Structures are given as structure tokens and as C-alpha cells.
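Have it open while you read, and go through the points in order.

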Amino acid sequence: MRTFISGLLGATTLAAGLTGAPILAQDITITMAAPDWPPTRFMKEYFDQTYKSPNGGTTTLDMDFIPWPSFYERVAASLTSGEQKYQMIVTDSQWLGAFVEGGYYLDLTDKINSDPELKAITQDLHPALVSAYSTYPHRTRAQLEAAGEVPAPGVNYYGFPQFPDTYVTYYREDIFCHEGEMADFKAKYGTNLPCSYEDWQDTDWAKWGQVGEFFQRKKGEMLAGEKLADDFYGIAFQAGKGYDFSTMQVNAFVWQNGGDIWDESKAPKAQAEGVVNSKAAVDAFDQYLSYLQYMPPVAQTGQMDIFVIQDLYMQGKVGAIIDWVGLGEPVLDPKSSTVHDKSAFGPAPGTRKGDGSIDRTGNIGGQPFVLTTWNSDAVVDEALNVVKWWLSPETQLEATKNGGQSGRMSVMADPSYNGLRPWNRAHVEMIDWQKDVWHIPEFFEMLTQQQEEFDKAITGQITAQEALDSVAEFQQELLEDGGYID
Amino acid sequence: MAEINRRTGGFGAWLLDPKRRGALLVTPAIVILFVMNIFPLLWSFGLSFFNYKASSLKVPTFRGLSNYERVLTDEKVWERFQTTAIIVGSSVILQLIIGFLLALMFAKAFPMRRIVLMLVLTPMMLSFVSVGVFFKLFYEPTFGIVSYLLSAFTEDRFVVLGSPAGAIAGIVIADAWMWSPFVMLLVLAGLVSVPKYLYEAAEIDRASSLRRFWTITFPYIKSLLLLAVLFRTIETFKLFDIVYIITEGGPGSSTETIAVYLYRTAFQFFKTSQSSALAYIVLFIVVVMTNLYLYAVNRRAEEVG
Amino acid sequence: MTIELKNLTKRFGDLTAVDTVNFDVGDGEVLCLLGPSGCGKTTTLRMIAGLEYATEGDVFLNSKRVNELAPRDRNVAMSFQFYALYPSLTVAENLAFPLYAEGLSSSEIEARVQKISDTLQLGGILKRTPGQLAEGEKQRVAVGRSIIRDPTCFLFDEPLSRLDVQLREEMRGEIKEVLQDLSRPTVIVTHDQLEALTMADRIAVMRDGRVEQVDTPHNVFQKPTNLFVAGFIGTPQMNLVPATLSELKGAGKAEFAVKGGQSMTIEVDPRIQELSVGTNVTLGVRPRNLEISQEKSQDGLSTTIDMVEPMGAETLIHLNDGHQDLRLVTDWRVSLSEGQQVNTSFPPGVTHVFTDDEKVLRTS
Amino acid sequence: MTKRYREIGKAGWSYTLITSLVGLIYFSPVLWIILTSFKTRTDALAVPPKLFFTPTLDNFASVFYRSSITTGTSQATDMALYFFNSIFIAGTSVGLALIVGTLAAYAFSRYPLRGNDTYLFIILTTRMMPPIVVIIPIFLMFRLSGLAGSYWGIILLYTAFNIPFSVWLVKSFFDELNPEIEDAARMDGASEGRVFFRFCIPQILAGLSATFVFGLILTWNEFLFALLLTGVETRTVPVAMARTLGGEVGVDYGLLAAIVTLFLLPIFFVTFLLQNQLLRGVTFGTVKK
């Protein structure tokens, strides 16, 4: 759930390309809109290499690669213009509301019920992903599990996971496991510097703050036995104004602290006022803000998004960052990263519970893909074959080897899975903690307003309380107008 | 056309007979303009009186002027107009100063003048997007050049975009860097048109450089400067890419210009009718400016005539 | 105050615009630089003003070498061919403009402006801008802007060239009168010889960058040093007849043979003796000095009248003997008609003899 | 030593030194972009900024080729096609606007209609429009008329963008020609067409090329309508550039710099050739000869 809007001007678009040629009985062309990056490029290449259509004809997958920054504009423009160009679309989970109510995404519930293979796949998908990627009106994971069967009665299903994404900790193994630093850290804080994966499993936000404070080093000071050529910082996480680059991280703090966002699954009863700006939520947001002081100075601009912290980490300016698994590959590429051989990955820190366990609730990222409503039955069936092909274990494993991730619990449980990519173990552990932000059509308005208020707090113009009060007030009024709160 | 006329004689001659020739020559331009511009304008103008949302299938209902009223009473809109005014004002003034100084520099003929002039004209040829991206990198406290150059003076890293004022400065500098050469071209054309013997007379009359500037140079470029102001104001009013890329309207909403707000309402919130209403208010302001622009052009013609 | 030019030369690349010019202009003296266009007269003026700097040679103002000085440091007053009035200033402001550099108080400046506007009758147009003035008015303001100052010298570049004949006549008188009571050296550039003859104390006739002759208007007219000056000064133009010396007859008398077989014996400058028989020369005589004799005379040529041009008080007659043309000016009352046979006579002492190097033979 | 007096308006090499210094400082961001196109990502983001580095041509290579995820073999990105599209679309539309604009300008100048100024004003207003206003209707219009994704669609749109300037600029040039020349030609029996093509056009060739350069500069980097109205085959470079702004890594500075550098060459070359005319053209001809 992490499209990146660099805000290139753009509105409804009309990407031509659908040839109007009559479809022969067997040969089917599926045009799919997809963001332009490794997980989708892999799908296209692997499809061309391995896909054989069960109905004997030749199926071509015509993937229209659209750069991430203009992806939302192109898709939104194509749909709202009635162009009917795409048969399948890689979409963000939050757009479900807008484009289901717009009549563009196909309800697959009946198809799943009537096709045992699809049913089996849906049952094997991690419930957090099904809740976030497929259900509209949105049903939380708890509600799906309470229903006891999959697909749960009375729930509509739309999407299947194309690339599940969670945020994990990237950290400098060479620094965090350096004896000198570990000794100094233990001396100062009485706890040990998280060096191994297990250490990170036991790291809570308090230690995250300590790491931040501990590793604030100016140019010329010592770090892990070497003289620093430039300023160095201990920690960083996303705190940007664009798209969802603060909401994703703040939600984690709020949920872990017992707070909540407006719960669309309990509409129209759930209120925004009093929930969004509850004491728990405000304290959580304050905690989030408190760590910014240890982070690189770009945090003060309110534009420290997921790419900025990735760059800071790759150029060796930051010890540990919390970022999406999807951005992992470049960190291992020597051409773009100075720390390609010094990085390790662990689960994201969380809030320590009474019983000593760590609550790592976070906001799911990644994208499902959906079918559109204007396809003939033959095309729908063939598209579902493609879904089955994509979600088959072999394809899922091959995808994971090439920078993708699998949504199937059985594939994640495969012993070789964690070894495929250095962050897989952390990702699999994090998947279990995922929840998602709102899906209703007003998603964008709520997100933009919230991001603007959070940005004012991040840049110190207003306090956490003031920010959440204005968000609560805005959402209350908007949702009452939209009929989501009565 | 002329060849046709000679060959076809009758019909061609009728077509090209003086009374109708003016209209005939104008038609191709008007047709293209009408098809491409005026139809969409009328369509969206009509739209601004309904409550059409591009993303929903509900049938739009007539809302009369309520969209306009809503936009004009929306306090956020006035805040954005104010931000836009600040950015446009400071950017245009900065462009005037830089453009003017560059023009004075290029007024003299010196060896390799064409090459140096090209160096200064290049920024105009870049796309807004690339200028936005690279200037954002220059301003970045850790990787950027600005903080590196200033690191000698500032104790810790200087964060250009950290404050609203800094963010506005960042945008204005990028825009001014790109378009000052345009102002320079205008002023240079004025400077080049000053007859040389006037300067010789001033030299003979031992005029001080200030008096010489005020008496001879300035009158020739005065209305050209005005043209530059009006033209750049209209273009900067539409500024979107540089603002969106460098600050995304941040910190908070301190640099969110009207164009950015218009983009959000139209393409993120899909409030198509409201954005059309706001757009027409913006158009109205721009049309008023255009009239000022025409008035300046006419005054320029009389003055020099 | 004096202006002295020593071997002044100006080259633009390989073109020599001004070639070793030497002359001086005394206090209160008016010197005219006269010559066809492109003879270097304006360039010379601009070098005095400092708008062009000398390639070789020196300019002395008040016997101080000023080559390196910018115009502003030479304190010269110059009026331009196109007047160079400041379009944005009124006439009064244009007149006052040069005085700001002299550090005068505004009241003094006002007084000076008032004085000049009285002498040049600019009172009525002080508030107008140059765009609203007639040519004559513009010209007077340009002159006014020069003489209002207290400069080292006055320089005028074709001051009257853009006026119509009647206005030019009027302005010539005015400027001459104004220059009289200013004790500063003045140089006026013109291509109009009448203007030069009437306004100048001395005239420097120039051609292709060189000064052919510097002398009083009278001498330049009466005693041209070479063929060019003789042909250039005086309208209608002097007759120039190529001839060969056929016999020396003592003192100034000599016999010359012209094309077409005719020959004549005329009295010229005694230095004719220096030439040997058979050398080719050019005989120069002004149309007004040529006379008509009743019968064929020894000291002239017999010709037929080609064309008669009445010029009011006088009549210009074009004569031709089949080989060369002659111009003769007579009183309007003499009745002559085309085709008539006329015998001309070259009175003694009026004919100039130019040797083949175009120099004149004259006992100075 | 007194200052060696220079003729007014001329300056020597010492002056060139100063101006080229100012010029280089002004040009330095562009120089930085060009340098970045030869840098790896680490060099591009290095602190302190690297002036001396081992240059790499990978960025320029990856403008035209991209390695596949699974096999690593390089597949062609059709950037070459996009370059052609940019040149073809911008060139044709500005050219067309010039032709149509010149005809209209001739009419406005030589055969003024009643309310001549109001027509001119309306034409100019279409240029002053914030583009956001017209996106949705143009988009729907293109879809209905099948122009979407075609060369002609985007070319006609850009032509409409350029007509206002062409008409204004060229009309001012026609206004400055003195009509006596044309009347004289008519006296000698020249037909209207000959008067137009043999007498008027040659006199304003400088202005026409200025208008062409001016239009090219304004159209060359247009992004919004290109993003929305061009299909996969007709896409232009500014749209393809968006790929470098975000994907698995943030802004790919090296790749973006390489595209920008290559994309700068055509327009830089044309402007350099027509530099003098540009000076004159830009002032709407209000400066008297």
C-alpha cells in the first residue's frame, strides 16, 4: 500500500493500445496496468517464459508499465474516463473503495466459491493480506477469523496479493556487532546493543531511542574503530509529507499503544472524534515525534520519505532504519549502496507489553491485483487462470527469489523461504502483525489532510495534540457528510 | 494558395477576393483553437455549476453558484492565494533583478559573447521536473551542496527546506534561476535598441553613470521591464511542478500554491466541479492580468513611436 | 585655448581613415573640416573629442596631450549630426544636462539655461520634448547644449546638414554670430562648401584621410594648392583643361596645345619657365573668370555653345570644341543661344597651371 | 596611468573573463547535472561532492537498455523511439502553429476585421489558461474522437498551444514592415500570393525563426498532456523521464541526469543557431528597428 506520488501533474489519462481485433476462441490478450519496478517486471518475464493456458490457446499478458510517481494518475484517469483499456490492474489496497464504488473492480466472491482451486488458494492466503487486499466493504482480520470459514459469508472479495510488503529493520551488522560499541552501549544503558536477529526480536521503542541517542556522531568522531568522514546518525524511519510516508509509521505506534484510527469495519457506529485523538493515540504520536531528534537533519524538512531513509542508509549515514522490504534489493547492489556487504535485517521494533512480549502491529504495504468489470466471461476465466498460475507455489518461490514476496502461508512456511532473501525471515514474522488504513472512497482526502497535519507536527509547527484534534474534527465532518458516521 | 488562384481563376479568385481574404486566412488558426481549447473550456465551465465527481457514477445535479460560493468562502483557498502571491511576488522581483543585471552585463559586445549567452540561456531549456529534482538534492542537508558549502559557517547542517521561509526561498530561487534569462532577453532587446550616439553625447556631457542610466537607458527599457513582470507573473501563477517536487506544499501547507491545491482537489479528491469552479476563479484573475499586459504593450508602442 | 593635431592617424584594420593630419586651431578661431563623404573629417573630429582614439600621432588641447583621456576628461563640447537630444528630457532639461557635471547650483543652472534660450529664441519650446520639435528647433537646442558650457573647445558635426536651404541660411548667420563672442577654438565638420566658406576663419580641405590644404576661405578659393582643391571648391566647378606646353614666351607667357589641335598663348605664373616644352599640364580657370572675345583671339579657344542655363542674376553657358567642355558664367543680360560660335579668352593671371603630380605652379 | 579609454559598447578579453565567470556560475547547476550523468549513485550522493571521479557510461547505457530481472539480459527500452517522438511532435506542432499562425497574423495585420483586437485577445487568453482546467474535457474529447494515443491528437493540441504566440509575434513583425514595398510589388503586377511569399515572408524570416525557437522551448518539456494523451507508441521523453523519479529506489539521479543531458542537446543546438533572432523575437517586435 505504498504508491509513491511524486506529484507529477496528471489527471485522467487514456493509454491507447487495446487492439480492437475480435478475440478468437482460444487466443486471449490480457492488458494489465502495473507499476514499473522489479516485482511486476518479474511477473511479466516469468509469464512469458512459463505460462501455458489450460484452455490450449495462447494467452499474451500485455503489461503497461507505468512509472510509480505517475501510476495513480494514469490508472485513475484510465478508469474514470471509461476507457476500459485494462483487464487486470495492480492496485493499492486503499483504492478498493473508490474504484469498487466507481463500478470498475470485479467482485470475485462467486468465482471463488464456485472454483475449489481458487477457494483453496484463498484459504492458504494469510488472513491479514486477505483482509487488507481483498475485502470491500473492509472486514478486519479478526472479523474474518471469527466467521470461521473462508470465504466468509456476506463478505465481498476483489483482489489477490501481487506483492505483499511490510516494513522491517535494516541495520549495520558491522557497527551493531562491534565489541567496542557494544561494550560502551552496555555501560551506558545496561542493555546490550541489538546485534543478532534475536536481539532485534527483543528490541522495543525505548531501546530504539537509546540506539538513536548513542550513535549521534559528528564528523571526525570515532565509529566502530574508524574516524568518521561525515556526520553519522543512529536511527531513521519514514516521516515524509508525500503520499502516506508518515501515516504508515504513526499507525504502528497508535495501534501498539492501544489507540486506533477510525474503524470503517464498524461503520456507521464507529466515531472519529475521540478515537483518532484519544489520549492513547496522542501519546503514541508524541512518542513517534520524540525519536525525530536523533535522526538526520532532513527530518526537520518534513520530507524524510521511504526513499530518503533508504539513500541515507545506503550511503552509510545511518545505523538502522525501518523501511519496506520492497526497497531491499538496491541495498545489496554494490553499484548503488556502500553498505551492500555490511547489512542485516531484523523485525521492526515494537511496544513491550505487560507480559514482556513485543507488540509489533504495523500497517501493511504492497499491492493486490484485481480484475475489471468490463471483461467477457472467457477473459475473466483466463484471468483467473493467470491468478492461479501466479499464486502457484513454484511461481511464488521463483518470485521471492527475484525480489518479490509470497502471500501464501504454505509458501512462507517452506523451510527454504527465509533463506531466499536476507529480509524474508523478518518479513514473515512481521506479516502476522499487519493491519490496514481506511479503504473507503474518501481515502485520499483523509490521507492528504492527515499527512498535512502530521507534517506540521513533524516540522514542529504544532503539537501532537493539535494535529490529531484537527484530523479528528476533519474526519468526523467528512465521514458524517459521506454517511459513514450517523 | 496563390498558385491555386492563378490556375483555377474563377473560384480561386472569388475565394481570395479582398473582402473575404482576411477571414479566410484566419480560419485555419481559429478552427484548431476552437476544437482544441474553447470546447473543453465551455464544457468545464458548465461543469462548475454541477456537483460532478469524476470517480463516482452518481448523476451530477445542478448546484448553481454554490461551488463558487463554497470555494470563495473556503478559508484554505485564501490561505493558498496568499502563499501563491508571496511566491509569485518574490520570484518575479528576483527574476527582475537578476535578469536586469545579466542584461547590463550582456549589453556590451565582447569576444565569445554568444557562447557565454548560451550558458545563461540553458536553464530555460530544462524541464520543470528535472530542475525541481536536482534543486531538491542541492538543498538536502546531508547530500546537498548548499549545506556542504555552508558547513564552514553553520555549526550543524543548514536545512534549507526546514522552515516555511526556507521552503519558499528554495522554490523562488529554483524558479528565478530558470526564468531570469527570459527577463534578461527582454531587457537586452531594450538596451540594444538605444542609439549609440546618445551614450556618446552623455560621455561628452560628462554625465555620471547614474544620471546616464536614468536619462538614457531606463526610458528605453522601462516598459519592457513591465512586460517581463506581467508575463512572468502569469507564468509563475501557474507554477506547479517545482513546488510539488521540492516541498510538496510543505512544511505543513506553507508552500501549497493554488496550482497544487487545484491539482489535489481535481485529481486526488476527484471533486471535479469544485476544482473547475476554483480554476475559473484563477482564470478570471489571469484574464485581468492579461488586460494589464495588453495595456503595457500598447503604451510601449506609443512611447517609442 | 588651442587645439593642435600632430601627425594624427587612424587605422581601422588595414583601412587608413585619417592619414598624418596636422593643423592647429587658435583661441576663438573657427576651422572648418571640408571634404567629400568618407574623407575622414568626422573621424578626425571624433578623435579630438576622444570618441575615437588615435592610432598614431597626438592631440593637444591647450598644449596638453590628451590622447589617453576619455571625452569626459577633455571637457569638449560637441554637437552631433543627429543632434543626440535626450528623448525623455524636455528642452530645458536637455540644455541643463551638461551643467550638472560642472557642479553649479540649480539657480546658476537656471540662469545659464535662460540666457541661452534667449540668445537662441528657445523660450517658446522649453517645456517640450525633442519628439515634439521641428528640425530647426532641434538643431538650435543641440547647439544650445554645447555653448551653454565652458568647455575647452567646440566641435560641430555637420550642424546644418539636415536643414532646408532657407533655414540653413538663417542658422548660418546665427551660429557665426554666437561663435564670435566665445573665445574658444571651434572645429566644424561639413561637406557643404558654402557653409565652410561663410562660417570658417580657416578651412582644411580633406580627401582620403589627408589634409590637402589649410588656408583662409579666400586663399582656398583663389589659390588652390592642387587639382583636387581647385575642383572641389567653388560652384560652378572650375574648368580643368588637359594641355601640353608647346612654347615658352618669356615671363609668364606660354603657348599651350590642347586636344583637338587648337592652341593658345596665355599669361600664367612665371614659374612656368621651370617646365620644359612638351610636358603635359592641366589648365584651371573659374567659369566666372573666363571671358567671351569678339573675334578669334590668340589667348583662347573657339567653341560652340552646347547648353545655356539661366541662374537668375547670371547665366551658365556650356561650351564645347568637339574635344573638351568649358563652363562660362556671364551676366544675365548677355543674349546667347545654343549652337552659336563663341571665342573664349583666358585673361592674364586667372589661369592656374597644375603639373602632372596635380600640384599647382605658383610663386607663393 | 589614465584609464585606456574604450569605445562605448565594446569590451575586450578582460571583460569576457568576468562575464564567462558569471556565466559559469549561472550554468553550474546544469554542469552538475551533466557531471552526475557520468556518476554511479554513490558518487552522485557522495559528501563532500565529488568533482573528480571515475566516470561510468552505465547511466547512458541504461537510458536505452535495461537488464531483465530473471535473466539479466538487456532489453531495449524504447527511449530512442521516445526521442524521435519528442522531436517529431514538438517540431511538427510548432511548425504547423507557425504556418497557420503566420497566415492568421497576415490577416490580422493587413486585413483587420471589425473587433480585430478582441479576436487577438481571445486567442491570447487560451494560452493564459492553467492547464488543469481543461484536462478532463480534452481527455474525454480525445477518447470520443479516437485521437487518444495518436500522433495527430497530441500534435494538434500542441499546435493549439503555440498558435497564440505565433500569431502575436508574427503580427508584430508584419506591422513593422512598411506597406509601400508591397504596394510597389502590386504595381509591378505581382499577384497577392507573390506579394505574400516573395516580399513579406523573406523580410520577416528572422522573426519567424525566433517564433519557432520560442515555441520549441515552450513545447519541448511539456509533461502533463504528454503523460495523459500519448499512447505507448507516441510517448515523449518527459513522460519516459518519470520512470527515474521512483521505483525500487528513490530518484535515479544518474539516469535522470543522462536523459536530461541527451534531451538538452537538440534544443540547445537549435537555440544556438538561431540565437540572434531569438533576441529580437522575444520582445513581441515592440522594439522599433
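**Notes on the predicted model**

1. Let's start with a single side chain. C:Val91 is buried, because 27 other C-beta atoms lie within 10 Å of its own, and the cut-off for calling a residue buried is 20 or more. Bear in mind throughout that this is a predicted model.

2. Where does C:Val91 sit? C:Val91 is found in helix 3 of chain C, which covers residues 91–96. Leaving aside residues up to four places away in sequence, C:Val91 touches C:Leu122, C:Ile125, C:Leu126, C:Arg128 and C:Val141. Have a look at C:Pro130 too: C:Val91 and C:Pro130 are 39 residues apart in sequence, yet their C-alpha atoms are 6.8 Å apart in space.

3. Staying with chain C, zoom out to the domains. Five residues from domain 1 of chain C and five residues from domain 2 of chain C make up the contact. On the domain 1 side of that contact in chain C, you'll find three nonpolar residues, two polar and no charged.

4. Now for helix 9 of chain D (residues 192–203).

5. Which residues of helix 9 of chain D are buried? They are D:Val195, D:Phe196 and D:Cys200. Look down the axis of helix 9 of chain D and these buried residues fall within an arc of 90°, so they line one face of the helix.

6. On to the chain D and chain B interface. Here 83 residues of chain D are in contact with 83 residues of chain B. On the chain D side, helix 1 of chain D (residues 13–36) gives the largest share, with 13 residues. By class, the side of chain D that touches chain B has 61 nonpolar, 17 polar and five charged residues.

7. Chain B also meets chain A: 28 residues of chain B are in contact with 35 residues of chain A. The elements giving two or more residues to the chain B side are helix 12 (241–246) and helix 13 (258–267) of chain B. Helix 13 of chain B supplies the largest share, four residues. The side of chain B that touches chain A divides into 14 nonpolar, eight polar and six charged residues.

How values were computed. Residues numbered from 1 in each chain as written. Chains lettered and ligands numbered in written order. Predicted model: local features only at pLDDT ≥ 70, side-chain atom pairs only at ≥ 80, totals over all residues. Contact = placed C-beta atoms within 7 Å. Nonpolar A, V, L, I, M, F, W, Y, C, P; charged D, E, K, R; others polar. Buried ≥ 20, exposed ≤ 12 C-beta atoms within 10 Å, placed from the backbone. Arc of directions from axis to C-beta.
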